Amino acid sequence: MELLERYLNQIKKHLPLKDRQDTLDELRSLLLEEFDSKANGVNDEEILYEIIKNNGYPIEVAARYRNNEP
């Protein structure tokens, strides 16, 4: 799941320090839940890539989780 961790690390850079870990934990859980429902053991890396791609660019994802903080 190196791809997932790299994606989360990119999002982390754009999150406020205050809620960073909680947000990353929640996001990881949501992405893994979706992955588990779609994984078939054959092309799991492609499935994970599509889930991440559909979730959005890291800066956009972080913006959805920010609480309008500067």
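Which residues of H1 are buried? In this predicted model, the buried residues of H1 are Leu3, Leu4, Tyr7, Leu8 and Ile11. Viewed down the helix axis, these residues fall within an arc of 130°, so they line one face of H1. The cover over this face includes H2, H3 and H4, and the paragraphs below place that arrangement in the setting of the whole chain.

The protein has four helices and zero strands, and from the N terminus on its elements run α-α-α-α. Along the principal axes, the C-alpha atoms fill a box of roughly 45 × 20 × 15 Å. Of the 70 residues, 30% count as buried. The protein exposes about 5,000 Å², and carbon and sulfur atoms supply 48% of that area. Contacts across the sequence are well represented: among contacts with a separation of 6 or more, residues 24 or more positions apart account for 63%.

The pairing of H1 with H2 can be described in some detail. Two packed helices are described by the angle between their axes and the distance between the axes. For H1 and H2, the axes come within 11 Å and cross at roughly 145°, and the crossing is right-handed. On the H1 side, the residues that meet H2 are Leu4, Glu5, Tyr7, Leu8, Ile11 and Lys12. Their counterparts in H2 are Arg20, Leu24, Leu27, Arg28, Leu31 and Leu32. Sorted by class, this contact has eight nonpolar, no polar and four charged residues.

Leu4 is found in helix H1 and has a relative accessibility of 1%; because the cut-off for buried is under 20%, Leu4 counts as buried. Leaving aside neighbours within four places in sequence, Leu4 is in contact with Arg28, Leu31, Leu32, Leu48 and Ile52. Arg28, Leu31 and Leu32 are also among the H2 residues that meet H1.

Leu24 has its place in helix H2. At 5% relative accessibility, Leu24 likewise counts as buried. Apart from neighbours within four places in sequence, its contacts are Leu8, Ile11, Lys12 and Leu15. Of these, Leu8, Ile11 and Lys12 are among the H1 residues that meet H2. The C-alpha atoms of Leu24 and Lys12, which are 12 residues apart along the chain, are separated by 7.2 Å.

At the other end of the order of elements, helix H4 spans residues 58–65, and Pro58, Val61 and Ala62 are buried there. These three cover an arc of only 100° around the axis, which puts them on the same side of H4. The buried residues of H4 pack against helix H1 (2–12), helix H2 (20–38) and helix H3 (44–55).

Methods: Residues numbered from 1 in each chain as written. Predicted model: local features only at pLDDT ≥ 70, side-chain atom pairs only at ≥ 80, totals over all residues. Heavy atoms only, no water. Buried < 20%, exposed > 50% of the residue type's maximum accessible area, 1.4 Å probe, protein only. Helix = DSSP H or I, 4+ residues; strand = E, 2+ residues; numbered from the N terminus. Arc of directions from axis to C-beta. Contact = heavy atoms within 4.5 Å. Axes fitted to C-alpha atoms, helices over the stretch in contact; angles between N-to-C directions. Left-handed = near helix turned anticlockwise from the far one by under 90°. Nonpolar A, V, L, I, M, F, W, Y, C, P; charged D, E, K, R; others polar. Areas by Shrake-Rupley, 256 points an atom, 1.4 Å probe, with all protein chains shown as cover.
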